[in-house]
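Visitor: I am new to this structure and would like to learn how to read it. Please take me through it one feature at a time.

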Amino acid sequence: MKILAFAGALRAGSYNRKLLAVAVESLQGQAELDLLDLREITMPLYDGDLEAREGLPEGALRFKGRIAAADALLISTPEYNHSIPGTLKNAIDWASRPPDNPFSGKVVQLMGASPGQFGAVRGVLAVRQVLTALNAVVLPSTVQIARADGAFDESGRLKDPKSAAQVEKACAGMLRITARLLAQDGPR
Ligand SMILES: Cc1cc2nc3c(=O)[nH]c(=O)nc-3n(C[C@H](O)[C@H](O)[C@H](O)COP(=O)(O)O)c2cc1C
């Protein structure tokens, strides 16, 4: 089983990068992990004229390829103004362009972290809406880390054991459901 993991934030000290790292740690040895940094796949703002003239930008093609090669996606995202960060939406929009939709049928585990009290839950809901439109199998349960500025210790672990257990549970659920779908439908 191959899992593509990325954060919806770019900054080096991102709480969502930290949360993703906690989840990746719990998945180690149980799946092949492809860790993506959205900074590796920079792309211009979506522009239909640019697409018509030049096709998809190289970053978008690479992003599509990484998604297509995965069985499941693990995404940890902040919320910007109660919604999906523009960088993440732009990358998804480019990746959704024909001829193929790489999101279709992929299991998606969503997580979010924010220094605020809602733990990016509205951003995660917005990502769910977008990926559902693309026929992804977005899992119902999520992990939301509120007050993320105080949630991690110096080694990057979640201080609250309940939060750590939620991450473990979500990752175990993703593995279980992806394995079931793979057993039923066969590999990608
Ligand atoms: C443009 C912008 C809008 C934001 N809007 C929200 C918001 O609606 N809710 C929230 O909890 N935090 C909001 N924040 C704060 C982010 O949660 C905070 O910057 C967080 O650290 C970003 O995630 P990261 O740590 O993974 O980079 C916003 C930040 C930016 C830059």
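Guide: Start with the word contact: two residues are in contact if their C-beta atoms, placed from the backbone, lie within 7 Å. Keep in mind also that this is a predicted model.

Visitor: Which residues does Val 143 touch, leaving out residues up to four places away in sequence?

Guide: Val 143 touches Met 111, Gln 166, Val 167 and Ala 170. Val 143 itself belongs to strand β6, which covers residues 143-145.

Visitor: Is Val 143 buried or exposed?

Guide: The test is a count of neighbours: a residue is buried if 20 or more other C-beta atoms lie within 10 Å of its own, and exposed if 12 or fewer do. Val 143 has 25 C-beta neighbours inside 10 Å, so it counts as buried.

Visitor: Where is Lys 106, and what does the count say about Lys 106?

Guide: Lys 106 sits in the loop between α4 and β4. Because 24 other C-beta atoms lie within 10 Å, Lys 106 is buried. Apart from residues up to four places away in sequence, Lys 106 touches Ile 67, Ala 70, Ala 72, Leu 73, Ala 136 and Val 137. Lys 106 and Ala 68 are 38 residues apart in sequence, and their C-alpha atoms are 8.7 Å apart in space.

Visitor: What does the count give for Ala 146?

Guide: Ala 146 has 18 other C-beta atoms within 10 Å and is therefore partly exposed. Ala 146 is in the loop between β6 and α6. Its contacts, leaving aside neighbours within four places in sequence, are Ser 114, Gly 116, Gln 117, Phe 118 and Gly 119. From Ala 146 to Lys 169 there are 23 residues in sequence and 18 Å in space, C-alpha to C-alpha.

Visitor: What residues surround the ligand?

Guide: The ligand has 15 residues around it, and the closest are Ala 9, Ser 14, Asn 16, Pro 78 and Gly 116. By class, the shell around the ligand holds 7 nonpolar, 6 polar and 2 charged residues.

Visitor: How are two packed helices described?

Guide: Two packed helices are described by the angle between their axes and the distance between the axes. Here, take helix α3 (residues 58-68) and helix α4 (residues 86-95): their axes come within 9 Å and cross at roughly 80 degrees. That makes α3 roughly perpendicular to α4. On the α3 side the contact is made by Ala 60, Phe 63, Lys 64 and Ile 67, and on the α4 side by Ala 91, Trp 94 and Ala 95. Sorted by class, these residues are 6 nonpolar, no polar and 1 charged.

Visitor: How many helices and strands are in the chain?

Guide: The chain has 6 helices and 6 strands. Along the sequence, they follow the pattern β-α-β-α-α-β-α-β-α-β-β-α. The radius of gyration is 16 Å, close to the 16 Å from the globule rule for 188 residues, so the chain is as compact as a globular protein of that length. Buried residues make up 39% of the 188 residues.

Visitor: What share of the contacts joins residues 24 or more positions apart?

Guide: Among contacts with a separation of 6 or more, that share is 78%.

Note on methods. Residues numbered from 1 in each chain as written. Predicted model: local features only at pLDDT ≥ 70, side-chain atom pairs only at ≥ 80, totals over all residues. Near = placed C-beta within 6 Å. Nonpolar A, V, L, I, M, F, W, Y, C, P; charged D, E, K, R; others polar. Helix = DSSP H or I, 4+ residues; strand = E, 2+ residues; numbered from the N terminus. Rg over C-alpha atoms; globule rule 2.2 N^0.38 Å. Axes fitted to C-alpha atoms, helices over the stretch in contact; angles between N-to-C directions. Parallel < 35°, antiparallel > 145°, perpendicular 65-115°, else oblique.
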